[in-house]
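Hello,

Here is the structure for you to look over. My notes on it follow below.

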Amino acid sequence: MDDNLNRYKQDRFGLWIIETNSGEFIGDCGLAWQFVDGRQQLEVGYHVLHGQQGRGYATEAATACRDYAAQKGHHSLIAVIYPGNTASENVAKKIGLTAITSSTDSKGNPFSIFQGSLSQTCP
């Protein structure tokens with residue numbers, strides 16, 4: 001929680017909750033600066049409760065985050081996705097990101113980096 005509050009203070013963004021029209025919490029989505037392969041990059045992250053997946057919530061939220069980043073003058077966006085997370089890969093592709101490379105996290109776990117130019121992905 002403290003990390004997210006600090007992000008808001010410093011960057012004016014972080015993770016937002018995703019909820020249904022009735023106010024039921026179903027996940028979170030947002031923007032955060034990440035160091036990936038020695039470079040600071042803006043990442044869109046999204047997490048939806050298992051029972052709520054497949055209903056378009058992550059895509060809708062990630063699209064809003066992508067558009068917000070573009071409106072704030074950011075030029076590119078990444079998504080860090082771990083192997084086997086096909087649903088997250090599909091969301092990344094739907095918002096205009098393309099798999100560009102693979103890397104490993106600080107624990108040696110492999111992940112894929114999806115990236116897109118915001119000038120190309122936004123209407």
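**I78 and its neighbours**

Start with I78. Leaving aside residues up to four places away in sequence, I78 touches V36, Q41, L42, E43, V44, L97, I113, F114 and Q115. Bear in mind that this is a predicted model. I78 sits in strand 4. Its relative accessibility is 0%, so I78 counts as buried. T63 lies 15 residues from I78 along the chain, and the two C-alpha atoms are separated by 13 Å.

**Q115**

One of the contacts of I78 is Q115. Q115 belongs to strand 6. Is Q115 buried or partly exposed? Q115 is partly exposed, because its relative accessible area is 24% and the cut-off for buried is under 20%. Its contacts, again without residues up to four places away in sequence, are R39, Q41, S76, L77, I78, G96, L97, T98 and I100. Q41 and L97 are among the residues touched by I78, and Q115 touches them too. D11 is 104 residues from Q115 in sequence, and 20 Å from it in space, C-alpha to C-alpha.

**Helix 3**

Helix 3 covers residues 86-94. Its buried residues are S88, V91 and A92. Seen down the helix axis, they fall within an arc of 100°, so they line one face of helix 3. The general rule is that an α-helix has 3.6 residues a turn, so residues three or four places apart point the same way. What covers this buried set? The cover includes strand 3 (39-48), helix 2 (57-71), strand 4 (76-81) and strand 6 (110-117). I78 is in strand 4 and Q115 is in strand 6. After helix 3 comes G96, with a positive phi near 95°. G96 is also one of the contacts of Q115.

**The largest pocket**

How much space lies in the largest pocket? The figure is about 590 Å³. There are 29 lining residues, and Y46, H47, A58, N85 and S88 are the closest to the centre. Strand 2 (25-36), strand 3, helix 2, strand 4 and helix 3 each give two or more residues to the lining. Strand 3 supplies the largest share, 6 residues. By type, the lining divides into 13 nonpolar, 12 polar and 4 charged residues. Note S88 here: S88 is among the residues closest to the pocket centre, and S88 is also buried in helix 3.

**Cysteines**

I searched the whole structure for disulfides and found 0. C29 is in no disulfide, and its nearest cysteine sulfur, in C65, is 3.7 Å away. Are the two cysteines buried or exposed? C29 is buried, with a relative accessible area of 1%. C65 is buried as well, at 4% relative accessibility.

**Q52**

Last, a loop residue. Q52 lies between strand 3 and helix 2. Q52 is buried, because its relative accessible area is 12% and buried means under 20%. Beyond residues up to four places away in sequence, Q52 touches E24, I26 and Y57.

Over to you.

Best wishes

Methods
Residues are numbered from 1 along each chain as its sequence is written. This is a predicted model: local features need pLDDT of at least 70, side-chain atom pairs count only at pLDDT 80 or more; totals for chains, interfaces and linings use all residues. Side-chain values use heavy atoms; hydrogens and water are left out. Buried means under 20% relative accessible area, exposed over 50%, partly exposed in between (1.4 Å probe, protein chains only). Helices (H or I, at least four residues) and strands (E, at least two) are DSSP runs, numbered from the N terminus. The arc is that of the directions from the helix axis to the C-beta atoms. Contact means heavy atoms within 4.5 Å. On a 1 Å grid over the protein atoms alone, a cavity is a set of points where a 1.4 Å probe fits but cannot get out, and a pocket is an open set with protein on both sides within 12 Å along at least five of seven lines; lining residues have an atom within 4 Å of a point. Grid points are joined across faces, edges and corners, and a volume is the space filled by probe spheres set on the points. Ala, Val, Leu, Ile, Met, Phe, Trp, Tyr, Cys and Pro count as nonpolar, Asp, Glu, Lys and Arg as charged, and the others, Gly among them, as polar. A disulfide is a pair of cysteine sulfur atoms within 2.5 Å.
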